[in-house]
2 protein chains.
Amino acid sequence: MPISNQDLRKAGLKVTLPRIKILELLENSKQHHLSAEDIYKTLLEQGEDVGLATVYRVLTQFEAAGIIQRHHFENNHSVFEIMQEDHHDHLVCLNCNKVVEFTNDVIEKEQHSVADQHGFALTGHSLNLYGYCSDAECQEAFRKK
Amino acid sequence: MPISNQDLRKAGLKVTLPRIKILELLENSKQHHLSAEDIYKTLLEQGEDVGLATVYRVLTQFEAAGIIQRHHFENNHSVFEIMQEDHHDHLVCLNCNKVVEFTNDVIEKEQHSVADQHGFALTGHSLNLYGYCSDAECQEAFRKK
DNA sequence: ATGGCTGCAAACATTTTGCATCCGC
DNA sequence: GCGGATGCAAAATGTTTGCAGCCAT
């Protein structure tokens, strides 16, 4: 279900235009892993009058509220996505930047076992696989590399 | 075995003082995951007259030459480490920034299977577990959070 | 001696902050 | 109307680049 205005209020955030627009984008855009820049540019294109600073502020607040999640890929590409029910990891295409989500229970379980073995209190993790996706163009780029 | 001057020459790199010093640091420092800033400051403390730009340039060249590896942790902490024989992943303490290496064959194998399933040509991956290490101080920070 | 390497300063990209104004409640 | 939220510009952060001089080969 989509994030409602109530959800925002519950997080102590007023329901303002920039916040609504940013949420909409994250929920409805086809590739729902967006960078701050992506969001900013798209809003400008839509004729919204927002500042890049606001985009960053809103994204930071949303992250703190647990509404969205932030990822730093090795690409040097930071992206945000709506928080989802089930945890998942990412496959990132180094050519077209496409992101594919996947889940794998075996890996998930192993991670906890590793943390335990080292006496770590696990609070999060990131698993990103980098490669070239199945698009002809990207496979081409892979061969050329 | 340590990286030799020959190894540098083989990579098309002249054997210069900054390069030697940076290699020494990466090989001998206790916590062998260092940021560019760490390296720069340590060299200054040792009385070496290097520029931060040189540190970055050398690290980039070393990475291209396969001598070292670069990691971007979600901390917003980028670190470098000497390339090792066997691949390994990382446990990162969010309190003291300590990095612990681990290997897990089960996870390793699953990753390839996931990439295959999605038609990706896998070229690399990063798996980082974040949490609080077993140091009393860090466990304390974890409880307070 | 020559071409790569260096330090410095300036440029860059990304993200954060200060502040006067604005707007949701 | 109040206090949080915004846009803008400036600052902070992390990294890269241009350039004149330096040094390994």
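**Interface between the protein chains and contacts with DNA**

In this predicted model, 39 residues of chain B are in contact with 39 residues of chain A. The size of an interface is often given as the accessible area lost when the parts come together. For chain B and chain A, the buried area is about 3300 Å², and 64% of it lies on carbon and sulfur atoms. Three residues, His72(B), Glu74(B) and Phe120(B), supply 20% of the area that chain B buries against chain A, which is more than any other three residues provide.

The polar part of the interface was examined next. Between chain B and chain A, the count is 0 salt bridges. In contrast, 11 residue pairs are in polar contact between chain B and chain A, with both residues of each pair at pLDDT 80 or more. Several elements of chain B give two or more residues to the side that touches chain A: strand 1 (68–73), strand 3 (89–93), strand 4 (99–102), helix 5 (105–117), strand 5 (121–132) and helix 6 (136–144). Of these, strand 5 of chain B gives the most, with 12 residues. By class, the side of chain B that touches chain A is made up of 19 nonpolar, 15 polar and 5 charged residues.

Strand 5 also takes part in pairing across the two chains. Strand 5 (residues 121–132) of chain A pairs with strand 5 of chain B in the antiparallel sense, over 11 bridges. Within this pairing, Ser126(A) has Asn128(B), in strand 5 of chain B, as its bridge partner.

Chain A contains 6 helices and 5 strands. Read from the N terminus, the order of these elements is α-α-α-α-β-β-β-β-α-β-α. Along the principal axes, the C-alpha atoms of chain A fill a box of roughly 45 × 45 × 25 Å. Over all chains, the count of salt bridges comes to 12. One salt bridge joins Lys21(A) to Glu48(A), with the closest N and O atoms 3.9 Å apart. Because Lys21(A) lies in helix 2 of chain A and Glu48(A) in the loop between helix 3 (36–45) and helix 4 of chain A, the pair ties together parts that are 27 residues apart in sequence.

The surroundings of DNA strand D were then considered. This DNA strand is surrounded by 21 residues, the closest being Thr16(A), Asp49(A), Val50(A), Thr54(A) and Tyr56(B). Helix 2 (17–28) and helix 4 (52–64) of chain A, together with helix 4 (52–64) of chain B, each supply at least two residues of the surface near DNA strand D. That surface comprises 9 nonpolar, 5 polar and 7 charged residues. Of the atoms of DNA strand D within 4 Å of the protein, 63% belong to sugar or phosphate, and the rest belong to bases. On the phosphate side, an N or O atom in the side chain of Thr16(A) is 2.7 Å from a phosphate oxygen of DNA strand D. The bases of DNA strand D are approached by side chains from both protein chains: an N or O atom in the side chain of Arg57(A) is 2.9 Å from a base nitrogen, and an N or O atom in the side chain of Arg57(B) is 3.2 Å from a base oxygen.

Of the atoms of DNA strand C within 4 Å of the protein, 68% belong to sugar or phosphate, with the rest in bases. Both protein chains have polar atoms close to phosphate oxygens of DNA strand C. A polar side-chain atom of Arg9(A) lies 3.4 Å from a phosphate oxygen, and a polar side-chain atom of Arg19(B) lies 2.8 Å from a phosphate oxygen. A polar backbone atom of Lys14(B) is 3.1 Å from a phosphate oxygen of DNA strand C. Two or more residues of the surface near DNA strand C come from each of helix 4 of chain A, helix 2 (17–28) of chain B and helix 4 of chain B. The surface near DNA strand C divides into 9 nonpolar, 5 polar and 7 charged residues.

Key: Residues are numbered from 1 along each chain as its sequence is written. Chains are lettered from A and ligands numbered from 1 in the order in which they are written. This is a predicted model: local features need pLDDT of at least 70, side-chain atom pairs count only at pLDDT 80 or more; totals for chains, interfaces and linings use all residues. Side-chain values use heavy atoms; hydrogens and water are left out. Contact means heavy atoms within 4.5 Å. Buried area is the accessible area (1.4 Å probe) that two parts lose on being put together, summed over both. A salt bridge is a side-chain nitrogen of Lys or Arg within 4 Å of a carboxyl oxygen of Asp or Glu. A polar contact is a pair of N or O atoms within 3.5 Å; within protein, one must be able to donate a hydrogen and the other to accept it, and residues adjacent in sequence count only if both atoms are side-chain atoms. Helices (H or I, at least four residues) and strands (E, at least two) are DSSP runs, numbered from the N terminus. Ala, Val, Leu, Ile, Met, Phe, Trp, Tyr, Cys and Pro count as nonpolar, Asp, Glu, Lys and Arg as charged, and the others, Gly among them, as polar. Two strands pair if DSSP finds at least two bridges between them. A residue is near a molecule or strand if one of its heavy atoms lies within 4 Å of it.
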